[in-house]
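I opened my notebook to look up how two chains meet. After that I wanted to check on one residue.

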There are 2 protein chains.
Amino acid sequence: MSDHNPPSPAFPSWLPEGDGAHDATIEANWLFRLRRARFRSRRSDRTHDFYVMHLADAVHVVALTPDDCLVMVRQFRAGSGHDSLEPPGGLLEEGEDPREAGRRELLEETGYAGDPAVLLGTAWSNPSILSSRIATIVVTNARLVAGPSLDPNEEVSVELVPARDVPAMIADGRIDHALAVLGLLWWLASRPEGLKMTNDR
Amino acid sequence: MSDHNPPSPAFPSWLPEGDGAHDATIEANWLFRLRRARFRSRRSDRTHDFYVMHLADAVHVVALTPDDCLVMVRQFRAGSGHDSLEPPGGLLEEGEDPREAGRRELLEETGYAGDPAVLLGTAWSNPSILSSRIATIVVTNARLVAGPSLDPNEEVSVELVPARDVPAMIADGRIDHALAVLGLLWWLASRPEGLKMTNDR
């Protein structure tokens, strides 16, 4: 299994094939641009056409009230066909700081605002097919300061969830959006008491 | 994360618009089917066209050697343009159990095999745009039993990562594939000692 020339984490093992003659935009709309693009392996010199959906980066907001409840939203998700319980959030504008975008989305979707946002972390949402990253930010002392002001196509309901209930809600699937779970687990494990999940399976 | 075949959750707030006259397949290829589909809100009676990329479910394998190292793979990801350090894994065949698919992918990508796989959980990968779910399974006592047998377009290198190093590698971004991080955090928090993340940000 040894690789005598292991790839450098900093330098990708595949590079875009020079002239782009084999690349194509399959679909472009208000939400994303779907591209097929040819890359060449520096290791094998083989080429392969990869599909990538170019989508804006996104942010999830772990918003905590003074009495240790999370401000969450429930909304329809077409990929699952179900309504999903998630931290509020949304897409970043080009070049926008996720803390700024998160604060805006929190206020618009829920009417809550709190202390200055702290960035917990950022990861590639699904780098095998999507270009986007997901950031998780934390806003403490969240309080209801306004009514929500939603886009016409946003239909969300706000739910306050005691923080202590979140691990069990992840374990039994009441919270089942992977990127939401990622941010919540990270946040829970960052609290002073750490995180211990139990699995009854 | 829920059971792999969870009971039907609450009735969704949007339903497919009856006759499908406004739906369309934008792209169909060996990997996915991109659809635009009209739904109608049961709450507002408004309609909206949602985009969904229909993609097979996937599995990540947390494979642990007897000396507490994770068997991981590094491979190019076109969405990020970088090589990504991840648990081995791949797509499920139609109707396949993620434990079976994970065992197969672990062996093919790394040459490792171990104890019968345990399902840690399943979540919707990104239900705002993808139809797929990601399962995480755990294989203990993983030992090198064969050479890898990769598909022609798979170029992966195997890396053994001490389990104790994983939280720091997530915190500083050396492991930055969100769905991989999700599975690893879940697994780490399920160990007897639990998980405590530190954030220097």
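Entry one: the interface. I first looked up the contacts and found that 75 residues of chain A touch 76 residues of chain B. I am working with a predicted model. Next I looked up the area. About 6900 Å² is buried between chain B and chain A, and carbon and sulfur atoms give 61% of it. I then asked which three residues of chain B supply more of its buried area than any other three. They are B:Phe76, B:Trp124 and B:Glu155, with 10% of what chain B buries against chain A.

I noted two salt bridges between chain B and chain A. In a salt bridge, the side chain of B:Arg46 meets that of A:Glu155, at 3.1 Å from N to O. On the side of chain B that touches chain A, helix 3 (residues 178-190) gives the most, with eight residues. I sorted that side by class: 41 residues are nonpolar, 23 polar and 12 charged.

I found A:Ser131 in the loop between strand 10 (118-124) and strand 11 (133-139) of chain A. Is A:Ser131 buried or exposed? It counts as buried, because its relative accessibility is 16% and the cut-off for buried is under 20%. A polar atom of its side chain lies 3.1 Å from the backbone nitrogen of A:Leu55. Beyond its neighbours within four places in sequence, A:Ser131 has contacts that include A:Val52, A:Asp57, A:Trp124 and, in chain B, B:Gly79.

Methods
Residues are numbered from 1 along each chain as its sequence is written. Chains are lettered from A and ligands numbered from 1 in the order in which they are written. This is a predicted model: local features need pLDDT of at least 70, side-chain atom pairs count only at pLDDT 80 or more; totals for chains, interfaces and linings use all residues. Side-chain values use heavy atoms; hydrogens and water are left out. Helices (H or I, at least four residues) and strands (E, at least two) are DSSP runs, numbered from the N terminus. Buried means under 20% relative accessible area, exposed over 50%, partly exposed in between (1.4 Å probe, protein chains only). A polar contact is a pair of N or O atoms within 3.5 Å; within protein, one must be able to donate a hydrogen and the other to accept it, and residues adjacent in sequence count only if both atoms are side-chain atoms. Contact means heavy atoms within 4.5 Å. Buried area is the accessible area (1.4 Å probe) that two parts lose on being put together, summed over both. A salt bridge is a side-chain nitrogen of Lys or Arg within 4 Å of a carboxyl oxygen of Asp or Glu. Ala, Val, Leu, Ile, Met, Phe, Trp, Tyr, Cys and Pro count as nonpolar, Asp, Glu, Lys and Arg as charged, and the others, Gly among them, as polar.
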